[in-house]
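Colleague: Please take a close look at one part of this model, the helix packing. Keep it brisk.

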Amino acid sequence: MTKDQEFEEFALARIPQLHRSAWLLCGDVHRAEDLVQETLAKVYVRWHRRLGRPIENPAAYAQTCLVRVYISAQRRRSTHERPVESAAEQAVGDGDTDLRLALAGALAALQPLDRAVLVLRYLDDRPVAEVAEVLGCSQGAVRNRTLRALDRLRAVFGPSLVDLLHHR
Amino acid sequence: MDQQDRNVGTLLVEGSPTPTDPHRLVVAGMARGRALRRRRRAGTAAASLAVLGVLGVGAAVVPLIAASERPGSTGLASDPTSSAPTPSAPTSSSAPSPSPSATPQQGEVRIGVQAVEVPGTVAGIVGRDGAGALRTAPPYTSASGPDTLVAHFSWMGTLTTVVIEPDTGNARRQCEQGGAGSTCSTNAQGDPELRWGPTTGDGVTAQGATVWQQGFEVSALSYNAPDGKDVAPTTAAPPLSLDELARIAGSGVWFE
């Protein structure tokens, strides 16, 4: 198997998780796809590097790369772009649209770093110390952002965060 | 992880959409990756080339000195990638780890040109003189070996790069997925030929060509500035045309 084939196999296996993370971070299917592509491009370059340290855990590396690409893009957007009225997300045709819209609405109220904390802590199941390292902030800041993000989700989905899930 | 953590995780998973066409995303991501890799080959990523530089100095210079002291020696450098560590297995079962690329076996085609010979060789291929000195200072340090050649040099005062690496497989597919702004065709020898650019990044315009031939991937790049980024252009366009770059990449003179 060539390195390209190995990478393709890896990427296909990771796409669902990467796409999910990307959508949770940016809340838009098209931006999420762009984010995933940019992430795959960076991992591809690293994957094919002939010298230097190899990727010890490609899956974790890709997830970290995705979050950093997103944070970096957010900084550029906040500098160069002006917000416009948001267009309604088109239905993708799978899953529960109501749940998705409610989640998108709740996440939209969060700062980019808060969203990143949610994804890393609860989707990737990373410990606080690791999240702090990925985002370049203190563990205390991660805990504060986690509390803020969970408060926002509770406001939408109920104190136990299962209300809406139970009604599905 | 407590119940609340599990609930949040479940909410995030069940509330997010799944990609409609995963394969298309992967193909597009790989195409971007190839384009990014081509640009980085020219020395725009100092971090990646810093390692290459350290090894490259030893690979390119030491064997040259040794060769000059050994009449009849080819003077070819040892493989600068031979000290690269072998990738370890990933912890995720669904994620295969990168493997080291194959190197030519005994009796197969090998690179027969050293980095220091590349500027003159390029001048011979294009039939005009514009070659300057080989770049030897980091991050542009070059490397020579039987299966790898990296040479950064000046051409009419602008950065020019030739990279030869073993073909990693699926040459035709790699060519066809070259990304935006690239054209894949078949050259007169029947080899896949990719032309890309001119593209402008970091204030510098670049263009290049890659030909997959004889088990190798040969790339030639021309910039319109002395460095790959963040310097003022010295020419309106890269001085080596796409036709010339394709001739350089498609030449058989690189091999023995």
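Modeller: Helix α1(A) passes α5(A) in a right-handed crossing; right-handed means that the near helix is turned clockwise from the far one by less than a right angle, and left-handed means anticlockwise. This is a predicted model: local features need pLDDT of at least 70, side-chain atom pairs count only at pLDDT 80 or more, and totals for chains, interfaces and linings use all residues. Residues are numbered from 1 along each chain as its sequence is written, while chains are lettered from A and ligands numbered from 1 in the order in which they are written.

Helix α1 spans residues 3-26 of chain A. Helices here are DSSP runs (H or I, at least four residues), numbered from the N terminus. The axes of α1(A) and α5(A) lie 8 Å apart, at an angle of about 150°. Axes are lines fitted to C-alpha atoms over the stretch in contact, and angles run from 0 to 180 degrees between N-to-C directions. The pair is therefore roughly antiparallel (over 145 degrees).

On α1(A), the contact uses R20(A), S21(A), L24(A) and L25(A). On α5(A), R115(A), A116(A), L118(A), V119(A) and L123(A) meet them. Contact means C-beta atoms, placed from the backbone, within 7 Å. By class, this contact has six nonpolar, one polar and two charged residues. Ala, Val, Leu, Ile, Met, Phe, Trp, Tyr, Cys and Pro count as nonpolar, Asp, Glu, Lys and Arg as charged, and the others, Gly among them, as polar.

Helix α5 (residues 112-123) of chain A also packs with α6 (residues 128-135) of chain A, their axes coming within 10 Å and crossing at roughly 135°. α5(A) and α6(A) are therefore oblique to each other.

Definitions and conventions:
Helix = DSSP H or I, 4+ residues; strand = E, 2+ residues; numbered from the N terminus. Parallel < 35°, antiparallel > 145°, perpendicular 65-115°, else oblique. Contact = placed C-beta atoms within 7 Å.
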